Amino acid sequence: MNRMRLVQPPQAKPEQGTLPGKGASARGRRRFLLGGLAAGGALLVGWGVQPPRQRLHAARPLALGGGTVGLNGWIAIAPDGAVSVVVPRSEMGQGVHTALPMLVAEEMDLPMSVVRIAQAPVDPIFANLALLRENLPFHPDDAGRTRQGAQWLMAKLGRELGIMFTGGSTSMKDAWMPMREAGAVARAMLLKAAAEAWRTPVARLRTEDGFVLHPDGRRLGYGALAAAAARTGAGIDAGDVRLKEPGAFRLIGKPVARLDSLAKANGAARFGIDARPPGMVYAALKMAPVIGATLEGFEAAAVAAMPGVLGVVPVPGVPGKRHGAGAAVAVLATSWWQARQAAQALPVRWNDGAAATLSSAAVFAQLARALDEESGYVYHEAGTQDVEGAALTVSAEYRAPFLAHAALEPINCTAQVADGKVRLWLSTQVPSMAVDVAARVAGVDRAAVSIEVMLLGGGFGRRLETDMVAQAVTVALAAGGRPVQLIWSREDDTTHDVYRPAALARFRARLDARGDILAWDSKSAGGAIGHQYFPRNLGLPGIGPDKTTAEGAYDMPYAIANQRIAHVTVDSPVPIGYWRSVGHSHNAFFKEGFLEEVAHAARRDSVALRRALLRGQPRALAVLDAAVARAGQPAAGRAHGVALHRSFGSTVAQVAEVSVQDKRILVHRVVCAIDCGLAVNPNIVAQQVESGVLFGLSAALHGDITIQDGRVQQSNFGDYPVLRMHEAPQVDTIVMPSGAHPEGVGEPAVPPVAPAVAAAVFRLTGQRLRSLPLRLT
């Protein structure tokens with residue numbers, strides 16, 4: 001068994017400096033990153049060498065009743081032996097309400113049947129430390145003290161900021177140690193309590209299925225020991241606590257049934273839209289049709305007599321820039337349908353503003369000019385582009401559109417403002433940020449805001465935003481203390497999203513006479529999500545390189561001696577935000593699509609070329625071989641397309657089996673192999689792979705948000721379709737065996753779908769599709 005690790009600062013002292021010029025070295029870029037943190041006031045003298053704050057005990061004890069006893073900030077035990085496990089991440093279908101409690105149950109020797117889920121309160125110990133650490137723009141091959149020091153500092157910064165964030169495929173990465181440690185500490189406390197009760201050494205005792213067992217056959221349940229364990233817990237130190245070795249795992253690595261399945265099947269599960277506090281009224285919106293428009297005026301009297309209408313409230317705009325919400329007017333009514341009907345009938349005057357002439361064509365023209373005129377920020381450079389012996393040059397341009405999130409649960413928030421306090425009922429990926437926004441809008445202290453985090457009917461990054469919270473609290477301030485449930489219509493959601501950025505990329509590869517790649521050069525242009533997200537949601541400056549713009553391009557696993565990957569950040573007039581798999585979602589399509597072109601120009605099999613380029617990457621090569629072997633040969637009239645991509649720490653290879661009928665692309669089967677490190681729950685991994693394939697395929701075949709005259713042209717599933725059941729392919733999932741640290745699972749299956757399908761389409765038709773969505777001419 002492993003002793004609990006003791007937190008120690010790294011030996012490295014990160015370098016600090018200023019922003020380097022274009023094409024600067026990796027060392028200079030790291031200096032800029034860390035120097036920027038210091039300039040922002042996050043790093044104080046001496047702070048950087050202190051150990052991170054503890055993550056075991058919350059600032060306030062858990063709210064308990066009925067004799068339930070809390071052993072630490074993560075675990076409470078009831079008299080009947082039921083164990084409540086605090087889950088710090090939001091459940092939006094990805095399985096964290098099962099996978100994360102498994103970590104505690106493993107270390108406590110608990111059967112999952114006694115585990116109960118408790119959603120985490122807002123507290124810094126539940127902050128997502130992996131998020132900031134994973135967003136550092138290091139190349140996977142980078143190692144050494146600079147990277148270690150930077151990751152150390154970012155984890156510390158995350159703990160200080162206390163941001164509770166479900167995203168970036170980081171839930172398991174972040175929870176892997178603290179939740180196991182919380183379980184191991186609780187087990188040690190229970191063992192000590194039993195040892196004192198029996199007056200026997202702890203070393204003679206063992207635990208099993210929620211009981212402490214004595215060699216003579218006596219046993220005490222955790223429920224009976226909890227109170228004594230809480231009293232004796234102060235005497236536990238690191239030497240008393242040991243983590244299990246992987247060989248002793250009983251639950252981790254096993255296909256444990258999901259804890260939320262029954263409630264979702266029988267309707268007992270409660271999502272944000274299911275909140276029903278007493279006295280609740282409803283609000284619907286009439287939102288500005290033009291991006292960035294402002295409210296000029298409205299005629300409340302025109303709808304005052306409509307059935308159920310209680311009032312009309314102006315919502316002039318969420319504080320900050322480029323929220324999806326924009327300006328709006330809310331109608332309060334006794335039912336949402338009454339509120340919606342009145343909102344649609346409400347006469348409103350808008351000031352359209354500067355974006356009234358904006359179009360998708362203008363956006364892409366601006367991106368093209370940026371690629372023509374600017375060299376961009378170089379995220380990775382190795383060797384030189386001035387190579388000798390080039391016999392062939394291949395070049396291409398790829399593009400990807402804006403995309404909406406289209407989560408099936410409509411955007412909603414229920415808020416109550418009464419007696420100087422704010423209550424929120426909310427489906428959110430960022431509860432701590434929602435509390436901050438509610439406090440700011442209501443003009444109360446943060447401590448006066450409480451939140452009940454509900455299940456999410458889909459997130460995909462849209463519920464990383466807080467615009468709906470600001471709107472709901474604004475309306476609740478005018479509701480006389482009654483709770484208000486604000487619900488967006490599907491049209492509101494589609495036309496007022498924070499979209500996946502549009503992007504344009506140009507590639508050039510130089511090959512020798514054998515078809516080997518001598519040099520690879522890529523440059524992309526598009527908006528930087530962080531430059532909008534951090535100012536509007538955290539009040540932090542959106543400056544410096546944004547990893548998401550080039551992720552999946554600069555950190556590809558292929559061994560190409562001479563490569564340069566750059567990005568030109570073009571400020572987006574359209575609100576942009578994090579979309580499932582973020583920059584990987586389009587950069588995988590660009591990179592893998594161009595690699596297929598290179599293989600074709602070199603008259604080489606694309607799988608063979610990938611194998612050659614994966615030398616030195618045995619795990620990635622094994623993933624590729626596993627997918628290709630499982631796929632076998634395509635059926636008659638069909639073709640296979642292959643793609644491989646590494647994202648969020650996981651490597652995924654996919655083989656898509658495709659046919660074309662009357663210019664319609666039909667995807668029949670997708671074989672997906674994933675190496676995500678240790679698969680804590682293989683069933684949940686497989687479910688997330690299937691989900692990612694379908695989500696990515698939906699975007700690949702249909703996803704396209706277009707702008708004309710400052711207005712989003714799509715409005716509902718009729719003109720922004722998602723994948724229908726009859727379009728869904730068979731998905732075969734291969735979870736590669738691994739004992740490595742768990743990596744991301746929720747997003748890595750999304751990026752390879754589009755390039756795999758495009759490769760198959762080329763084999764069938766000879767058409768090279770370089771734009772998304774994939775459409776044959």
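**Entry 1: Helix H10**

I looked up what covers the buried residues of helix H10 in this predicted model. The cover includes strand E18 (421-426), strand E19 (449-453), helix H11 (467-476) and H13. I then listed the buried residues of H10 themselves: Pro431, Ser432, Met433, Ala434, Val435, Val437, Ala438, Ala439 and Ala442. Since 9 of the 12 residues of H10 are buried, I record the helix as largely enclosed by the rest of the structure.

I also checked the length of H10, which runs over residues 431-442. At 1.5 Å a residue, its 12 residues should span 16 Å, and the end C-alpha atoms are 16 Å apart, so expectation and model agree. Just after H10, I noted that Gly443 has a positive phi of about 70 degrees.

**Entry 2: Aromatic pairs**

I searched the whole structure for aromatic pairs and found 15. For Tyr377 and Tyr379, the ring centres are 5.0 Å apart and the planes stand at 75 degrees; an angle over 60 counts as edge-to-face, so I classed the pair that way. Tyr377 and Tyr379 are both buried.

I next examined Tyr533 and Tyr578, whose ring centres lie 5.1 Å apart with the planes at 70 degrees, so this pair is edge-to-face. Which parts of the chain does the pair link? Tyr533 belongs to helix H13 (residues 529-538), while Tyr578 lies in the loop between strand E23 (562-569) and helix H14 (584-601). The two residues are 45 apart, and the pair thus links distant parts of the chain. I found Tyr533 buried, and Tyr578 buried as well.

I recorded one aromatic cluster formed by Tyr398, Phe507, Trp520, Phe589, Phe590 and Phe594.

**Entry 3: Charges over rings**

I looked for charged ends placed over rings. That of Arg219 sits over the ring of Phe211, 4.0 Å from the ring centre. That of Arg768 sits over the ring of Phe762, at 3.6 Å from the centre.

**Entry 4: The whole protein**

I counted 18 helices and 29 strands in the secondary structure. For 777 residues, a compact globule would have a radius of gyration near 28 Å; the protein has 27 Å, which agrees. Its C-alpha atoms fill a box of roughly 80 × 70 × 60 Å along the principal axes.

How much of the protein do buried residues make up? They account for 57% of the 777 residues. The protein exposes about 29,900 Å², of which carbon and sulfur atoms supply 53%. Finally, among contacts between residues at least 6 apart in sequence, I noted that 77% join residues at least 24 apart.

Note on methods
Residues numbered from 1 in each chain as written. Predicted model: local features only at pLDDT ≥ 70, side-chain atom pairs only at ≥ 80, totals over all residues. Heavy atoms only, no water. Phe/Tyr/Trp six-rings, centres within 6.5 Å; stacked < 30°, edge-to-face > 60°. Buried < 20%, exposed > 50% of the residue type's maximum accessible area, 1.4 Å probe, protein only. Helix = DSSP H or I, 4+ residues; strand = E, 2+ residues; numbered from the N terminus. Lys NZ or Arg CZ within 6 Å of the ring centre and 35° of its normal. Rg over C-alpha atoms; globule rule 2.2 N^0.38 Å. Contact = heavy atoms within 4.5 Å. Areas by Shrake-Rupley, 256 points an atom, 1.4 Å probe, with all protein chains shown as cover. Expected span 1.5 Å × (residues − 1).
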